[in-house]
Amino acid sequence: MDKDRIAGSAKDFAGKVESAVGSMAGDAKTQASGVAREAEGTVQNVYGQAKDAARDATDAAAGLAKDAYENSGDTLRDGSQAVAKKVQDNPLGALLVAGGIGFALAMLMTRPLLRPPQRRRYYS
C-alpha cells in the first residue's frame, strides 16, 4: 500500500469529521474547510491507487520478461533438436533446402543495380 493512499484516507476521514463538526456547530467556514480537506484526501487516495496499479503492472511485466528470458534457452534447444532430427530423417531434402536458400541468397547479393536509362542529348 502506498503512503499516498494512507495519507489520503486520513485526510478524507479528518475532512468528514471537520465537516460534521462544522455542520453541528453551524459554522459554514469550518464545514467548507472540512469538505475541501475531504476532497483533497480523496484525490490523494486516488493518486496512491494509481501509483499502486502502475507498480503492480510494472512488476507483472518484469516477471513475464524474466520468465521468457529464462525459458528462451529451452525453446532454442528444442528447436535445434527438432531440426537435427529432420535432417537425420531426410538428409537429401535438407541438402536441397540448404542449396535453395544459398542460391536465393547468392541471387539477391549479386543482382545488378537498377539504373535509370541514360538521356540522349541532341545537339543541333
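Me: In which helix does Ala61 lie?
Reply: This is a predicted model, where local features need pLDDT of at least 70, side-chain atom pairs count only at pLDDT 80 or more, and totals for chains, interfaces and linings use all residues. Residues are numbered from 1 along each chain as its sequence is written, and side-chain values use heavy atoms, with hydrogens and water left out. Helices here are DSSP runs of H or I with at least four residues, strands are runs of E with at least two, and both are numbered from the N terminus. Ala61 lies in helix α2.

Me: Is Ala61 buried, partly exposed or exposed?
Reply: Buried means under 20% relative accessible area, exposed means over 50%, and partly exposed is in between (1.4 Å probe, protein chains only). Ala61 has 44% relative accessibility, so this residue counts as partly exposed.

Me: How many helices and strands does the chain have, and why is it more spread out than a compact globule?
Reply: The chain has 3 helices and 0 strands. For 124 residues the globule rule gives 14 Å, and the chain is well over that, so it is more spread out than a compact globule. The radius of gyration is taken over C-alpha atoms, and the rule is 2.2 Å times the number of residues to the power 0.38. The value for the chain is 36 Å.

Me: What percentage of the residues in the chain is buried?
Reply: The C-alpha trace spans about 100 × 70 × 15 Å along its principal axes. Of the 124 residues, the buried ones make up 11%.

Me: Which helix is included in what covers the buried residues of α1?
Reply: Helix α1 covers residues 3-25 and reaches 33 Å from its first C-alpha to its last. Its buried residues are Asp4, Gly8, Asp12, Gly15, Glu18, Ser19 and Gly22. Their cover includes residues 28-89, which are α2.

Me: Which residue forms a salt bridge with Arg5?
Reply: A salt bridge is a side-chain nitrogen of Lys or Arg within 4 Å of a carboxyl oxygen of Asp or Glu. For Arg5, the closest N and O atoms of the pair are 3.0 Å apart. Arg5 is in helix α1 and its partner in α2, so the pair ties together parts 47 residues apart in sequence. The partner is Asp52.

Me: Which residue forms a salt bridge with Glu18?
Reply: Glu18 is buried, with a relative accessible area of 17%. The closest N and O atoms of the bridge are 3.6 Å apart. Contact means heavy atoms within 4.5 Å, and the partner's contacts beyond four places in sequence are Lys11, Asp12, Ala14, Gly15 and Glu18. That partner is Arg37.

Me: What is the area of the nonpolar surface patch that includes Val97?
Reply: Val97 is in helix α3, residues 91-109, and is exposed at 51%. Patch residues have over 30% relative accessible area and no salt bridge; nonpolar side chains (Val, Leu, Ile, Met, Phe, Trp, Tyr) are joined within 5 Å, like charges within 9 Å. Areas come from the Shrake-Rupley method with a 1.4 Å probe, and for residues only the protein chains shown count as cover. Val97, Ile101, Leu105, Leu108 and Met109 make a patch of about 550 Å².

Key: Expected span 1.5 Å × (residues − 1).
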